[in-house]
Amino acid sequence: MKTIIAALATSAFAFGANAMAAEKAPIVLVHGAFENGQVWGHVTAKLQKDGYQVITVDLPGRPGNPMTPDKVSLDAYRDTVVQALGSAKRPAVVVGHSFGGIVISAAAEQAPKQIKTLVYLAAYLPQDGDSLVSLAQRDPNAKIGPHLQIQKDKGIASIEYSARADLFANGGPDGLRKAIPDLILDEPLAPLATPVTLTAANFGKVDKAYIHTATDQVISPAFQAKMVAATPVRVEYTLQTGHTPFLTDPDGLADAIEKAAQ
């Protein structure tokens, strides 16, 4: 009898844990420019350990989602995220890093009812008509501009190799700083200059959170604050990192995402 009771108690505990996990909103992770979905590896593991369903997106034009640069568009990026939302089965928390902030904003305009919360991680938080190019031009404290290399004949943008460690891994350990230059990808040009269309009726009604990065060299902390002032969010968190906290502080980032998801 004791064995039966113990088994029932264990089953009830497992059922309760599964039910709690089922109540948590799925989390969709959207990388930024010059990246792919692999950047989220450590964060994904932490979120999954804590009971979240995690969907990691590879935007078109990456090895995991191949497409030639001339075919890549902001609409294609948006549609990839909307498709991921469809697989989530319920409204999701959608995290966008850097340029991914523009992508998730476009997805929210397209499918606002499928999103519980937009989480902007060291990200561009656009208003109607903004693009990465237009926003970057308004950020005088960003350090990336002089190191951006445009190859119009190939339809791509790239980052000067020697500047990659300081831009994307400042404050990181030596091993990461040594490795990261070879992990940075070329980015299709067209989406970077494409204005995003946003309305108060769709994008404007979606819940928003912002995770600031205090020593960011790519999107300056001052400009992050300026964007939030222009488009208020429900909650803000700050990580003491540069532009890539999923590499330099994955546990702290996962904790911030989980708080924003509540």
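## Helix H11

In this predicted model, helix H11 is mostly covered, since nine of its 12 residues are buried. The buried residues are Pro250, Gly252, Leu253, Ala254, Ala256, Ile257, Glu258, Ala260 and Ala261. In an α-helix there are 3.6 residues a turn, so residues three or four places apart point the same way.

Leu85 belongs to helix H3, which covers residues 74–88. Because its relative accessible area is 2%, and buried means under 20%, Leu85 counts as buried. When residues up to four places away in sequence are not counted, Leu85 touches Val28, Ala92, Val94, Gln114 and Ile115. One of these, Gln114, is 29 residues from Leu85 in sequence, yet the two are 6.4 Å apart in space, C-alpha to C-alpha.

## Aromatic pairs and a charge over a ring

The model has three aromatic pairs. In one of them, the rings of Trp40 and Phe246 have their centres 5.2 Å apart and their planes at 55°, so this pair is tilted. Trp40 lies in the loop between strand E1 (27–30) and helix H2 (41–49), while Phe246 lies in helix H10 (residues 245–248), so the pair ties together parts that are 206 residues apart in sequence. Both Trp40 and Phe246 are buried.

Another pair is formed by Tyr77 and Phe99, whose ring centres are 6.0 Å apart and whose planes stand at 65°, so the pair is edge-to-face. Tyr77 is part of helix H3, and Phe99 sits in the loop between strand E3 (92–97) and helix H4 (100–110), so this pair ties together parts that are 22 residues apart in sequence. Tyr77 counts as buried because its relative accessibility is 0%, and Phe99 counts as buried with a relative accessibility of 0%. A ring also takes part in a contact of another kind, for the charged end of Lys208 sits over the ring of Phe203, 4.3 Å from its centre.

## An open sheet of three strands

Three strands form an open sheet in the order E5-E6-E7, and their pairing is antiparallel. Strand E5 (148–151) and strand E7 (187–188) stand at the edges, and each has a single partner strand, so one side of each is left without a neighbour in the sheet. Strand E6, which covers residues 156–159, pairs with E7 in the antiparallel sense over two bridges. The bridge partner of Ile156 in E7 is Pro188.

## Two residues with a positive phi

Most residues other than glycine have a negative phi, which gives a background for the two residues described here. Lys89, although it is not a glycine, has a positive phi of about 75°. Lys89 is placed in the loop between H3 and E3, and because its relative accessibility is 75%, this residue counts as exposed.

Ala122 is not a glycine either, and has a positive phi of about 45°. Ala122 is found in the loop between strand E4 (115–121) and helix H5 (132–136). With a relative accessibility of 0%, Ala122 counts as buried, whereas Lys89 counts as exposed.

Key:
Residues numbered from 1 in each chain as written. Predicted model: local features only at pLDDT ≥ 70, side-chain atom pairs only at ≥ 80, totals over all residues. Heavy atoms only, no water. Buried < 20%, exposed > 50% of the residue type's maximum accessible area, 1.4 Å probe, protein only. Helix = DSSP H or I, 4+ residues; strand = E, 2+ residues; numbered from the N terminus. Contact = heavy atoms within 4.5 Å. Phe/Tyr/Trp six-rings, centres within 6.5 Å; stacked < 30°, edge-to-face > 60°. Lys NZ or Arg CZ within 6 Å of the ring centre and 35° of its normal. Pairing = 2+ DSSP bridges.
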